[in-house]
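Me: Can you walk me through this model? Keep it short, please.

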Amino acid sequence: MDRLSREKRALPAAGLAEALGGELQKFQTRLFERAQAFQRANTFELGTLDEVIAHFRDRGGFVWVQWCGDEAEEARVKTDAGGVTIRTIDEDTRPSGNCFVCGRPATLRVALAKAY
Ligand SMILES: [Zn+2]
């Protein structure tokens with residue numbers, strides 16, 4: 001029984017373990033691809049606080065922004081965008097451009113998400 005497509009298929013009795021292993025691998029590959037597609041569809045890159053507020057008015061997911069690191073702004077974002085908080089700091093990417101709140105040069109690239 002394939003739980004992703006809900007189709008039943010007969011497996012040959014000979015080489016059953018091998019067939020099962022193959023099926024499992026295909027299943028895992030599809031799960032992984034599905035998770036990646038979901039992540040892509042739910043990840044956004046925005047430039048200003050206005051865009052962030054507008055985004056979270058009717059959408060969810062993760063929004064990457066460039067940020068200066070000022071903690072006072074974190075509180076402001078949470079208030080203005082209705083519960084949006086910083087979830088992840090991107091340690092691998094050097095920030096480029098300006099802070100999405102104050103416009104000063106950014107020092108961090110962070111992901112925002114809304115708490116429900
Ligand atoms: Zn700032």
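**Fold and core**

Reply: The protein chain has three helices and four strands. Those are DSSP runs, numbered from the N terminus: helices are H or I with at least four residues, strands are E with at least two. The model is predicted: local features need pLDDT of at least 70, side-chain atom pairs count only at pLDDT 80 or more, and totals for chains, interfaces and linings use all residues. Residues are numbered from 1 along each chain as its sequence is written.

Me: What pattern does the chain follow along the sequence?

Reply: The order is α-β-α-β-α-β-β. The protein chain is more spread out than a compact globule, because its radius of gyration is 21 Å, well over the 13 Å that the globule rule gives for 116 residues. That radius is taken over C-alpha atoms, and the rule is 2.2 Å times the number of residues to the power 0.38.

Me: Which residues have the most contacts inside the largest nonpolar core?

Reply: Val-52, Val-65, Trp-67, Val-77, Val-84, Phe-100 and Leu-112, in a core of 15 residues. α2 (49-58), β2 (62-67) and β4 each give two or more residues to this core. Such a core is a set of buried Ala, Val, Leu, Ile, Met, Phe, Trp, Tyr and Cys residues joined through C-beta atoms within 7 Å.

Me: New topic. Is Ser-96 buried or exposed?

Reply: Ser-96 is exposed, with 9 other C-beta atoms within 10 Å. The cut-offs, with C-beta atoms placed from the backbone: 20 or more such neighbours is buried, 12 or fewer exposed, in between partly exposed.

Me: Where does Ser-96 sit?

Reply: In the loop between β3 (84-89) and β4 (108-114).
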